[in-house]
Amino acid sequence: MTRIEKAIKLLTELNADALLLANESNMHYFCNFSPSEGVVLILKKGDGYHLVDSRYTEVAQENAKETGLSVIEVNGGFSEKAAEITANGGVKKIAFEDETISLKKYEAFSNATGCEFVGASNALMRIRNIKEVRELEFMKQANAIAEKSLTELLNHIEAGKNEKELKAYFEYLMLKNGSDGVSFDTILLTGAHTSMPHGVSDDRIIQKGDFVLIDFGATYKGYHSDMTRTFAVGSATEEMKEMYDLVLRAQLAGIDALAPNTRCADVYKASYDVLNEKDMAQYFRHGLGHGVGLDIHEGFSASPKSEDVFIPGVMTSIEPGIYLPGKFGIRIEDVLIVTESGNENISTFTKDFIIL
């Protein structure tokens with residue numbers, strides 16, 4: 001099924017005549033790149049349009065050879081051109097991104113078209129959540145770039161260097177190795193800073209005996225990778241080794257539980273229970289995982305409150321961690337594809353306890 005056919009199926013389900021997209025990632029899904037502005041408009045009868053300004057005309061036309069969208073360069077307002085297309089197409093009801101569109105943009109298109117607007121809710125997320133073969137290949141390539149860069153970075157992690165220095169160099173390595181950009185602001189923390197799950201790198205100097213926690217990702221053709229590894233520098237205490245082994249066992253339990261028709265909450269519980277056996281679950285302060293794709297966070301979440309059930313084609317992270325305030329934190333993260341029979345781990349970098 002082509003992506004335009006997927007859109008038509010959605011419109012049939014929503015009893016709408018057209019689908020209006022302005023979210024950058026949703027547009028990318030249909031036009032193959034990420035314009036910062038513009039609109040993708042798909043009619044139920046099968047016509048698809050990509051409205052762009054002059055900055056994106058050439059790249060849009062090149063991608064349209066594959067996507068089947070008709071590219072229209074707009075010199076005035078996007079809403080006025082959308083109104084013209086919907087009027088000519090007999091559109092009465094438009095499905096739109098009610099979860100992400102701004103009020104200003106919604107009012108502009110609503111007023112210009114005079115159509116009834118119906119929210120698509122999370123339907124687009126559910127379409128994008130099931131990855132096509134080509135999308136999986138892009139994500140594997142992004143992951144390969146990130147892992148190659150991490151291998152190179154390990155030669156530069158040592159006592160005396162600071163967090164910002166290493167973070168900047170790591171992001172340079174990913175770009176040098178083929179990344180289109182970082183998946184998110186790299187988290188590179190050392191020592192006591194590692195107890196903050198999403199701490200920010202600063203001028204802290206690495207000391208012998210520190211943990212270094214690195215949460216990072218590369219991008220390839222718009223698709224993201226995501227991985228976290230934790231290393232010791234110079235030496236490690238028995239407590240550090242014991243806690244690392246505990247987090248790794250929790251991660252492996254979550255991976256073992258990840259399978260089609262399994263509740264997201266049950267996958268979370270599999271990891272949680274391993275930590276809880278050692279009375280360390282209280283230091284596990286976030287969900288076990290999240291979907292990954294055109295957005296670094298998209299689709300299903302492996303959290304205790306999730307009501308979703310994993311299905312084949314879903315890409316998700318598995319990333320348990322424990323965070324001891326003022327002391328240290330450990331997180332280990334892989335990204336996996338849910339398959340018909342279980343899962344496939346696309347993260348290949350070793351999870352052995354490493355002292356650099």
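**Close-up views of the predicted model**

**View 1. V200 is situated in the loop that links β7 (187–190) to β8 (211–216)**. Strands (E, at least two residues) and helices (H or I, at least four) are DSSP runs, numbered from the N terminus. The model is predicted: local features require pLDDT of at least 70 and side-chain atom pairs pLDDT 80 or more, whereas totals for chains, interfaces and linings use all residues. Residues are numbered from 1 along each chain as its sequence is written, and side-chain values use heavy atoms, with hydrogens and water left out. V200 counts as exposed because its relative accessibility is 60% (exposed is over 50% relative accessible area, buried under 20%, partly exposed in between; 1.4 Å probe, protein chains only). When residues up to four places away in sequence are not counted, V200 touches E163 and L189 (contact means heavy atoms within 4.5 Å). From C-alpha to C-alpha, V200 and Y220 are 24 Å apart in space, with a separation of 20 residues in sequence.

**View 2. Six strands make up an open sheet of mixed pairing, in the order β4-β3-β2-β1-β5-β6**. Two strands are taken to pair if DSSP finds at least two bridges between them. At the edges are β4 (70–73) and β6 (116–119), each of which pairs on one side only. On average, and with direction ignored, neighbouring strands of this sheet are turned by 25 degrees against each other. Angles run from 0 to 180 degrees between N-to-C directions, and axes are lines fitted to C-alpha atoms, for helices over the stretch in contact. Strands β1 (residues 18–21) and β2 (residues 39–43) are paired antiparallel through four bridges. L41 in β2 is the bridge partner of L20.

**View 3. Helix α2 (residues 24–31) packs on the sheet, where it touches β1, β2 and β3 (48–52)**. The direction of α2 makes about 55 degrees with that of β2. Helix α4 (residues 78–88) lies across β2, β3, β4 and β5 (93–96). The direction of α4 runs at about 160 degrees to β3.

**View 4. E135 is located in helix α7 (residues 133–153)**. E135 counts as buried, since its relative accessibility is 2%. The side chain of E135 forms a polar contact of 2.7 Å with that of Y223. A polar contact is a pair of N or O atoms within 3.5 Å; within protein, one must be able to donate a hydrogen and the other to accept it, and residues adjacent in sequence count only if both atoms are side-chain atoms. With neighbours within four places in sequence left aside, the residues in contact with E135 are R3, Y29, I130 and Y223.

**View 5. Helices α7 and α8 (residues 163–176) pack with their axes 9 Å apart, at an angle of about 135 degrees**. This angle makes α7 oblique to α8; under 35 degrees counts as roughly parallel, over 145 as roughly antiparallel, 65 to 115 as roughly perpendicular and the rest as oblique. From α7, the contact involves I145, A146, S149, L150, E152 and L153. From α8, the contact involves L166, Y169, F170, L173, M174 and K176. α7 and α8 cross in a right-handed manner (right-handed if the near helix is turned clockwise from the far one by less than a right angle, left-handed if anticlockwise).

**View 6. Helices α9 (238–257) and α10 (264–277) pack at about 155 degrees, their axes being 8 Å apart**. The angle makes α9 roughly antiparallel to α10. On the α9 side, the contact is made by L246, V247, R249, A250, Q251, A253, G254 and A257. On the α10 side, V267, A270, S271, V274 and L275 take part. The crossing in which α9 passes α10 is right-handed.

**View 7. Y268 belongs to helix α10**. Y268 is buried because its relative accessible area is 10%. Y268 and A302 lie 5.5 Å apart in space, C-alpha to C-alpha, although 34 residues separate them in sequence. Apart from residues up to four places away in sequence, Y268 touches F284, H286, G287, L288, A302, S303 and P304.

**View 8. N261 occupies the loop between α9 and α10****, and D279 the loop between α10 and β12 (289–290)**. N261 is not a glycine, yet its phi is positive, at about 70 degrees. D279, likewise a residue other than glycine, has a positive phi near 60 degrees. N261 is exposed, with a relative accessible area of 67%. For D279, a relative accessible area of 51% makes the residue exposed.
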